[in-house]
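The sequence and coordinates are shown first.

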Amino acid sequence: MTVGDELLWEARDKGPRAVPRLRRVAVVAVALGFVAMLLVAEYDVGWVLWVALAYLAAELAHVGWDRRRVVEAQLVDDTGGGGARLRLRHVGGRASEFDPHRVSGVLVVRDNVDGSATLRLRLSGRRTVFGRPGPPPALMAWRAACPRAHVRDRQAYWGMPGVPD
């Protein structure tokens, strides 16, 4: 069987989100500084610094988690003659290749609101890889690419309240 470079997953937003994140951190820091200046005359403002540090820690944790997310999954030919390989490209630009037979589960979570979907790949060894939102992929392509995987999709658990079905 000859496998060409087949695109299985592609996210809408492939780049790192550093600039909006830095803007948001700067706005929160300025707002907390302004609140601290207003309250410094009468109250203890140590809580403002703790809130700012907690916010910064949460943003750094999110950046670390987001860098590992997948923005593209592609089935490529192996030049060594070992068959096809599953190439995953991450947000930071790092690419990793896996044997498609190591994939034990593919879950596509469809969003109820905007029609996008999120990808979750479970590799053997219980490692889960998450994808950024993108257009829903064809499940048949995943079933053909990863024959041992349990391929399924489901709707997200949230929706828009008040909108009739």
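## An aromatic pair between helix and strand

F130 has a relative accessible area of 31% and is therefore partly exposed. The model is a predicted one. W65, with a relative accessibility of 33%, is likewise classed as partly exposed.

One aromatic pair is counted in the model. The ring centres of W65 and F130 are 6.3 Å apart and the ring planes meet at 50°, so the pair is tilted. Stacking would require planes under 30 degrees apart, and an edge-to-face arrangement would require over 60. Because W65 belongs to helix α2 (residues 46-66) and F130 to strand β7 (residues 127-130), the pair ties together parts that are 65 residues apart in sequence.

## The four-stranded open sheet

Strands β7, β6, β5 and β8 form an open sheet in the order β7-β6-β5-β8, with mixed pairing. The edge strands are β7 and β8 (150-155), each of which pairs on one side only. From one strand to the next, the twist averages 20°.

Within this sheet, seven bridges connect β5 and β6 in the antiparallel sense. Opposite R110 stands A117 of β6. In general, the strands of a sheet pair through backbone hydrogen bonds, in either a parallel or an antiparallel manner.

## The loop between β5 and β6

S116 is located in the loop that runs between β5 (103-110) and β6 (117-123). Its relative accessible area is 5%, so S116 is buried; the cut-off for this class is under 20%.

The side chain of S116 makes a polar contact of 2.8 Å with the side chain of D114. When neighbours within four places in sequence are set aside, the contacts of S116 are R12, V109, R110, D111, P133 and G134.

## Strand β2 and its two partners

Which strands pair with β2 (residues 70-77)? On one side of the pairing record, strand β1 (residues 6-10) is joined to β2 by four bridges and runs antiparallel to it. W9 stands opposite A73 of β2. Strand β3 (residues 84-90) is also antiparallel to β2, and seven bridges join these two strands. Here V70 has H90 of β3 as its bridge partner.

Seven of the eight residues of β2 are buried, so this strand is largely enclosed by the rest of the structure.

## The nonpolar core

The largest nonpolar core has 25 residues, of which W9, L88, V103, V106, L121 and W142 touch the most other members. At least two residues of this core come from each of β1, β2, β3, β5, β6 and α3.

W142, one of the residues that touch the most other core members, is in contact with L8, W9, A73, L86, V106, L119, L121, P137 and V151, leaving out residues up to four places away in sequence.

A138 lies in the loop between β7 and α3 (139-145).

The C-alpha atoms of A138 and L8 are 7.7 Å apart in space, although the two residues are separated by 130 residues in sequence.

Definitions and conventions. Residues numbered from 1 in each chain as written. Predicted model: local features only at pLDDT ≥ 70, side-chain atom pairs only at ≥ 80, totals over all residues. Heavy atoms only, no water. Phe/Tyr/Trp six-rings, centres within 6.5 Å; stacked < 30°, edge-to-face > 60°. Buried < 20%, exposed > 50% of the residue type's maximum accessible area, 1.4 Å probe, protein only. Polar contact = N/O pair within 3.5 Å; in protein donor to acceptor, adjacent residues only side chain to side chain. Contact = heavy atoms within 4.5 Å. Pairing = 2+ DSSP bridges. Axes fitted to C-alpha atoms, helices over the stretch in contact; angles between N-to-C directions. Core = buried A, V, L, I, M, F, W, Y, C linked by side-chain atoms within 4.5 Å.
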